[in-house]
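Colleague: I want to learn how to read pockets and overall packing from coordinates. Can you take me through a case?

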Amino acid sequence: MARSYVIVGNGPAGVSAGEAIRRRDPSGNVLIVGDEKLGFYSRPGLAYLLTGTVPESHLFSRPESEYRKHGLRRVVGRATRIDPKGHRIETQAGPAIAYDRLLLAPGARALKPDVPGMDLDGVVTLDNLEDARRILKFARRTNAAVVVGGGITALELAEGLAAQGVTTHYLLRKDRYWGNVLDPQESALVESRLEAEGIRLHRHSDVAVVVGRGGKVNGVELKDGSRLEAGMVAVAIGIQPRLELALAAGLTCDRGIWTDEFFRTSDPDIYAAGDVAEVYDPGTGRRVLDSLWSIAIDQGRAAGANMAGAGEPYQRKPPFNVTRIGGLTTTLIGAVGTGQEDGDLVALARGDSEAWRQQADAFTVESEANLSRVRVLVGERSLLGAVVMGDQALSRPLQDLIRDQVDILPFRQQLLQSPRELPNVLSSAWKDVYARR
Ligand SMILES: Cc1cc2nc3c(=O)[nH]c(=O)nc-3n(C[C@H](O)[C@H](O)[C@H](O)COP(=O)(O)OP(=O)(O)OC[C@H]3O[C@@H](n4cnc5c(N)ncnc54)[C@H](O)[C@@H]3O)c2cc1C
């Protein structure tokens, strides 16, 4: 009899799992339950919507016909309960749905700081397209906004609001931006770009109270007693995986839903992938959380294949992201952490990986020219991580060399001895290695 697969979540993890199931099991029934009416769109693209760089229509990369092409059924509705013994899920969309194998891919939601006033009209977070639309609406009727938080999303909010002509105050709890991932020069580069865009940076600043009038945001009171007038407060202090369904079903969870390297949870017929999953990495023996689009796709594919019987353990690649930070195209790969605390984030941010925060046992080599900067973490036998800001010529070579753990002994000494030559040494090493493959 044909197997029934049910997937909760119509994001990249859920959809790529559906396609992977279809590839291995042509006769199985695959149903995706997603609570967003709008269909499938790019979440990283929301930043470009806020800055007005792309219209909304450009975010929708997958037409409904793609689901039909892969034989995937989709219903719009919220999954509300799992009955693991009965192998059924309840949804707001209609009667309970039976499954043989279930995938949980509901993603994560933004956290809010525990300060008074967070429920006022005008306090916003950025999880989805509805939020982006709301932010743009507020931006049209607000002169000033305060942005609180760290990592990529806080910056995207600040840059988006500034691009909409809103006077934007960006509060940093410590002395610099994203201190546990970027080094001081990288933070300074980003901060100078933000200031050039007209964003007002307030270092060593933190919100004590969001002040309201008539239920609407009117400003913020800072911990030092000063006050900023603003009609909007945008918050990005980190995300919380959506664990409600899993916890109520008795699945083992910690920061995310625990899975093994096959994406199986503590119930052998329930799998989890994407932002919600805390996945076992056999390489390090640790469970890791990521919030990256490409990783959600990889995990969804691997989970779907395993649900359909592949039995293949997940091979975790060093996480990478190519994004814009302070208007500079930036690639982050592998372990690049500085070992510092980041007061602006209380949890993993979006477009972020726990692996980046790790401080590698490595030498750091860096090279800087104009508005571009490359920092590479050089281990004993391989490169462990890199940050490439501005000129992206080394982005692809570094992604390849780090992902494939290429043996660096032939050029390691040269790298360490002449950092200025870093771009040349890496480019020619990359060409040598990949010309031979
Ligand atoms: C503003 C923003 C910027 C980002 N920037 C980057 C970036 O620069 N680079 C990068 O790599 N990544 C970025 N990300 C992160 C990336 O988008 C996520 O890692 C990725 O979308 C996770 O995929 P997912 O399938 O696990 O979850 P999601 O994409 O969150 O999809 C989960 C879906 O499940 C739905 N759902 C939740 N609960 C239920 C339920 N009970 N029933 C039915 N449906 C449910 C949700 O509404 C959602 O539609 C960004 C994300 C955001 C929001």
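This is a predicted model: local features need pLDDT of at least 70, side-chain atom pairs count only at pLDDT 80 or more; totals for chains, interfaces and linings use all residues.

Colleague: How much space lies in the largest pocket?

Modeller: Rolling a probe the size of a water molecule over the atoms shows where empty space is left. On a 1 Å grid over the protein atoms alone, a pocket is an open set of points where a 1.4 Å probe fits, with protein on both sides within 12 Å along at least five of seven lines; lining residues have an atom within 4 Å of a point. Volume is the space filled by probe spheres set on the points, which are joined across faces, edges and corners. Here the largest pocket holds about 1,200 Å³. Its lining has 50 residues, with Arg43, Gly107, Asp127, Asp275 and Arg350 closest to the centre.

Colleague: What is the volume of the second largest pocket, and which residues lie nearest its centre?

Modeller: Its volume is about 790 Å³. Of its 34 lining residues, Asp281, Thr284, Arg316, Ala355 and Gln358 lie nearest the centre.

Colleague: What radius of gyration does the protein chain have?

Modeller: It is taken over C-alpha atoms, and the globule rule is 2.2 Å times the number of residues to the power 0.38. For 437 residues, a compact globule would come near 22 Å; the chain has 23 Å, which agrees. The C-alpha box is roughly 65 × 65 × 35 Å along the principal axes.

Terms used. Residues are numbered from 1 along each chain as its sequence is written. Side-chain values use heavy atoms; hydrogens and water are left out.
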